[in-house]
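Here is a walk through one chain, from its order of elements to its details. Keep the structure open as you read.

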Amino acid sequence: VIKPRLVAPSQDLDTVSNIQKLMRVPQDEQPQIYTITENTPRNQGFIREAKNGDILLIYLKNQKAILYDHVKNQIIKIGPLNFSSSSAELNLNNK
């Protein structure tokens, strides 16, 4: 389960704008945006190698996750989301 700290709202638009310059992102929804911190559980393969300060964008409707390094302005990883119907847990595929 991913429960990282939410990014401040003022940073949301800048983050999405920077990522849009690097790749196409879904236009029909706003992502949930999280900053990876030392308190972020690294039990999901998708974020296991993430550094503190990396940003995770989750597009629930489009079932897509993006891990972004804002310091290097690089997309680290893109992957589909899996939802467990038996729980509210969000599972990120490691593809």
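Predicted model: local features only at pLDDT ≥ 70, side-chain atom pairs only at ≥ 80, totals over all residues.

Read from the N terminus, the elements of the chain follow the order β-α-β-β-β-β-β. That comes to 1 helix and 6 strands. The average pLDDT is 81, and 75% of the residues score at least 70. Among the elements, strand E1 (residues 5-6) has the lowest mean pLDDT, at 50. Strand E4 (residues 64-69) has the highest, at 94. Over residues 85-89, pLDDT stays under 50. For that stretch the model has 3 contacts beyond four places in sequence.

Now turn to strand E3, residues 55-59. Is E3 enclosed or open? Buried means under 20% relative accessible area. By that cut-off 5 of the 5 residues of E3 are buried, so the strand is largely enclosed by the rest of the structure. In a regular strand, side chains alternate between the two faces of the sheet. In E3, both faces are covered. Ile-55, Leu-57 and Tyr-59 lie buried on one side. Leu-56 and Ile-58 lie buried on the other.

What pairs with E3? Strand E2 (residues 32-35) does, in the antiparallel sense, over 4 bridges. E4 also pairs with E3 in the antiparallel sense, over 5 bridges. Ile-58 takes part in both pairings. Gln-32 has Ile-58 as its bridge partner in E3. In E4, Ala-65 stands opposite Ile-58. E3 and E4 form a hairpin, with 4 residues between the two strands. Gln-63 sits in the turn and has a positive phi of about 50°.

Leu-13 lies in helix H1, which spans residues 9-20. Is Leu-13 buried or exposed? Its relative accessibility is 63%, so Leu-13 counts as exposed. Gln-30 is 17 residues away from Leu-13 along the chain. The C-alpha atoms of Leu-13 and Gln-30 are separated by 9.6 Å.

Finally, step back to the whole chain. Of its 95 residues, 40% count as buried. The accessible surface comes to about 5700 Å², and 47% of this belongs to carbon and sulfur atoms. Take the contacts with a separation of 6 or more: residues 24 or more positions apart account for 45% of them.

Key. Residues numbered from 1 in each chain as written. Heavy atoms only, no water. pLDDT = per-residue confidence, 0-100. Contact = heavy atoms within 4.5 Å. Buried < 20%, exposed > 50% of the residue type's maximum accessible area, 1.4 Å probe, protein only. Pairing = 2+ DSSP bridges. Areas by Shrake-Rupley, 256 points an atom, 1.4 Å probe, with all protein chains shown as cover.
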